[in-house]
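Okay, everyone, thanks for coming.

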Amino acid sequence: MKKITIAIDGYSSCGKSTMAKALAKKIGYVYVDTGAMYRSVTLFALRNGLFNADGSVKADDLKEMLPQVNVSFKLNATTGLPETYLNGEMVERDIRGMEVSSHVSPIAAIPFVREALVAQQKAMGKEKGVVMDGRDIGTVVFPDAELKIFVTASPEVRAKRRYDELQAKGQPADYDDILKNVQQRDYIDTHREVSPLRQAEDAIVLDNSHMTIEEQDAWLIDKYQLAAK
């Protein structure tokens, strides 16, 4: 089979990262979690006091400090899955909490942040053999990707998944707060001026509201095999 680029876009908490990781591991491709990159910048901004009291970003300060932000991915030898590092520190748990979730959309809407991270993402995927997920992979980062998937599910289903995920990790979680956060992120992601979330014309839609992980993985493998013939 030929080596291709696989772009997986969609709404927050649709399980894009989980499915993309599993697919990449199964077919031997490199996996890049672009959401983790924006979350890492958000964590950096939170740690460095780069948010105003109203939740807006101190954009000028962030722009000045952005060269200090280095996001990388390293494989966990035990799980065989990639983990996110911010300036050499493993931050996989830190970037998945509600504090980062509630601040990431304003960060991701900033043009200079997107420009910097998109450039890194394009460099990561230029050799093909990559699975990348995010909001604008099939429309901006890899508009020529051989396989584009657009993932969706109802806000209620996505909020429940996020709630269950946080509970399983022993982190505090309130379903109503999470649902509100999911709906707010949907609005910001689809209405921002730079690279808004939208389905690419040639993307295949996957509504996984009522699918099991096994059904979803089988669906993805089938689409990959057709695209890589």
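The second largest pocket has a volume of about 160 Å³. Quick note before I go on: this is a predicted model, where local features need pLDDT of at least 70, side-chain atom pairs count only at pLDDT 80 or more, and totals for chains, interfaces and linings use all residues. Residues are numbered from 1 along each chain as its sequence is written, and side-chain values use heavy atoms, with hydrogens and water left out.

What do we mean by a pocket? On a 1 Å grid over the protein atoms alone, a pocket is an open set of points where a 1.4 Å probe fits, with protein on both sides within 12 Å along at least five of seven lines, and lining residues have an atom within 4 Å of a point. Points are joined across faces, edges and corners, and the volume is the space filled by probe spheres set on them.

Back to our pocket: 13 residues line it, and Tyr29, Val30, Tyr31, Leu75 and Pro82 are the closest to its centre. Helix 1, strand 2 (30-33) and strand 3 (71-75) each give two or more residues to that lining. Helices (H or I, at least four residues) and strands (E, at least two) are DSSP runs, numbered from the N terminus. By class, the lining has 10 nonpolar, 1 polar and 2 charged residues. Here Ala, Val, Leu, Ile, Met, Phe, Trp, Tyr, Cys and Pro count as nonpolar, Asp, Glu, Lys and Arg as charged, and the others, Gly among them, as polar.

Now the largest pocket, at about 790 Å³. Its lining has 36 residues, with Ser13, Gly15, Ser17, Arg162 and Glu165 nearest the centre. Which element gives the largest share of this lining? That's helix 2, with 5 residues. The lining splits into 7 nonpolar, 12 polar and 17 charged residues.

Last, helix 1 again. Its axis and that of helix 10 come within 10 Å and cross at roughly 55°; axes are lines fitted to C-alpha atoms over the stretch in contact, and angles run from 0 to 180 degrees between N-to-C directions. In contact (heavy atoms within 4.5 Å), Met19, Ala22, Leu23, Lys26 and Ile27 of helix 1 meet Gln216, Asp217, Leu220, Ile221 and Tyr224 of helix 10. Those residues divide into 7 nonpolar, 1 polar and 2 charged.
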